[in-house]
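User: Could we go through this structure together, beginning with a helix cap?

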Amino acid sequence: MTALEERPEVADLGLHRQLGLTDEELDAIRSRLGRDPNDLELAMFSVMWSEHCSYKSSRPLLRTLPTSGAGVLAGPGENAGVISIGDGLAVAFKIESHNHPSAVEPYQGAATGVGGILRDIFTMGARPIAVLDALRFGDPADPWTRHLVDGVVRGVGGYGNCVGVPTVGGELVFDPSYQGNPAVNVMAIGLLDERLLTRAVAPGPGNLVVLFGSTTGRDGIGGASVLASATFLDGDSSKRPSVQVGDPFAEKLLIEASLELIEHGLIEGLQDLGAGGVTCATSETADRAGTGILVDLEAIPRREPDMAPFEVMISESQERMLAVVRPDHLDAVREVCERWGLPVAVIGRVTADGDLAVVSRGGELARVPARALTSDAIVHERLAAPPARRRLAPAPGVPVLPSDALPERGMDPGAVLLALIGSPNLSSRRWVYEQYDSNVGANTIVPPGTGAAVVRVRGTSKVLVASADGNQSVSAIDPALGAALSVAEATRNVSITGARPLGVTNCLNFGDPTRPEAFWQLSEAVRGLGDACRALGLPVTGGNVSLYNESPGRAIAPTPEIGVVGLLEDLSKLVSPAFRTAGDVVVIVGQVSPGLAGSAYATLAGVAPEDGPPALDLAAEAALQAFVREAADRSLVASAQDVSAGGLAVALAESAIWGEIGGHLRLPIGNSPAVELFGESPSRVVLTSTPRHAAALVLLARQFGLPVEQVGVVGGDRLIVELTGAGATGAAEERGSRVADALDVPVSHLAHAWEHGLVRALGQEPDALPLGEG
């Protein structure tokens, strides 16, 4: 009788459906094994063939993305992307989701999302230096939404603050589609010496497999938690819910121990234990190296008694690392771990047979080819079909015209601006970021709240600039355009500081891929993402796909969250979005295009059924960003602000609020006032310069082939925008004259609305006193 025949009984073959595996997938498992799987093997396949680990629906799409580029040292397939920044240094960065855990237990779901993305960074040999969080929820007035927001924000802050990594930026969005399913995406950035770049591999048969960090418990049992469902029903408190529980103080020790092991050359490969636990870490490292791993189940340190084999192998207990170590380095590895107070154990060895084998007390419990769990996991060819047309089509030959319900004659565009700047999606995020320590480590140059995050590269004049952006509103209408706009905005936010974008990481949050409409949305988003990255010359270095983001009755809006990291060689060239000095000249660069659908203004004022979002010209976007970087490098720019959510009026208001100074502009318009003031046409920036540099700035824009207008000056305590030219409407009907209903608002009123909008929406403050007279 063979060892295989002596193993436990073959699993109940009806169990696969409870574990989330289909009949087709069970047949594929049998084909790869040449037999039926047992219960442990089925549990291992269930987590490794999940969407989260295998990308079984999205992998063919992701292969179409551009992944190579100058300086790319590590890309998709590694724990994080790594790009050289010169002088022997490199930046590691990645974004991931923790949507479903955060919906179940918001504090721990968000906290362990931070912990997991930090481990992806230092696993590469990089010291984490910054975190950005991109959060999306439903109605801010809803008690459940407020519960989620409070828990998630506290979870991000609680973990990041304790572990000593600053949270420096991100975004917070409210949209009805997230009412039952929040989107919690976290991005981390780290710095490393290129020589210390570490891979998640298990080379060298005979090398030891070492587990260090926290012990293994029942928290975070993944898809196979159904194997213990009876004990949940019986009220067995020893069984934790499926959400992981984080310990940031243990993570801090793990960071220091891991980086010391890497610096001293004591490990051959390193992998963190996240989704899939020991099963994932061992199978992925073995497959990448073309080796196998033998795991001794009894050698894995545990914090709970009587854990079943499947629980040990797929537990997602946090703050654990797997290292591949030469036998002659074991004592040194053990000394480092014990000095940092971390449990350490040899749990197996590298083999040459390509299998992940699990043994216990001399008996073999499981044997699966490592590649069957990872690179040879099943890939589905999903059906994609666009949704039925939801907007009315115009009659043949009738042009599609934008609707501009506001501002009309006799209506105050300043009131519209105050409503927008004080809305939950555009107001100050101070309530959020004041719960974060954004300055721990003393490397933060620009704190949260005023544009892209800026972090110094210590010991150099370099700074890293980072932004995380996603446009779910346009994506709900046109997923390809929404994804491309998300890339354009994230890269533009980096470029307007003077920094050069280095690469893109993405987190694709979508619905059930087995629904043709949802898979079409994902396919289109990946197409738009790829088109934008190719046009801007940027590699996609990695990321995450989060599917099945649905609650009863609806899916979330397609949400392509884009993270970008850029490099500015000289900190002295850094440009801020805030207005600086009275008398500075205001210049607008870029072309307005019609379309209000998907805008913040449309949410406030409505939009005609036939209207669509503004178009994106990727060549113009690339030219605009190149121009802004060149202008910053020549010191022609005093401030730079991009036009995005809320349109030109909100961009101007933010620059005025942040600079605590107003401006007086005369804006020639060729579209409706609503489109000109509040439309979100991409590829536009608001620049200011000293009068001495204004002519050179305008000339440079024209040399890049960009539309440019010198429209006014900085100064005073009010933001005044007069509309002139064809298309202007109001009390004064004469074409080309000043329009009577100009935008005219005190900066103090804008600041008040901006500062209080979010806290009022969340019920965090009583109604403020009425504003004074302007």
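User: Which residue caps the N-terminal end of α3, and through which atoms?
Analyst: Asn38 does; one of its side-chain oxygens lies 3.2 Å from the backbone nitrogen of Leu40. A polar contact is a pair of N or O atoms within 3.5 Å; within protein, one must be able to donate a hydrogen and the other to accept it, and residues adjacent in sequence count only if both atoms are side-chain atoms. This is a predicted model, in which local features need pLDDT of at least 70 and side-chain atom pairs pLDDT 80 or more, while totals for chains, interfaces and linings use all residues. Residues are numbered from 1 along each chain as its sequence is written, and side-chain values use heavy atoms, with hydrogens and water left out.

User: Why is α3 largely enclosed by the rest of the structure?
Analyst: Because 9 of the 10 residues in α3 (residues 39-48) are buried, meaning under 20% relative accessible area with a 1.4 Å probe, protein chains only. Among them are Leu40, Glu41, Phe45 and Met48.

User: New topic: where does Val721 lie?
Analyst: Val721 is part of strand β27, residues 718-724; strands are DSSP runs of E, at least two residues, and helices are runs of H or I, at least four, numbered from the N terminus.

User: Buried or exposed?
Analyst: Val721 counts as buried, because its relative accessibility is 3%.

User: What does Val721 touch?
Analyst: Leaving aside residues up to four places away in sequence, Val721 touches Leu652, Leu665, Leu667, Leu677, Ala742 and Leu743, where contact means heavy atoms within 4.5 Å. Leu652 is 69 residues from Val721 in sequence, with 9.5 Å between their C-alpha atoms.

Note on methods. Buried means under 20% relative accessible area, exposed over 50%, partly exposed in between (1.4 Å probe, protein chains only).
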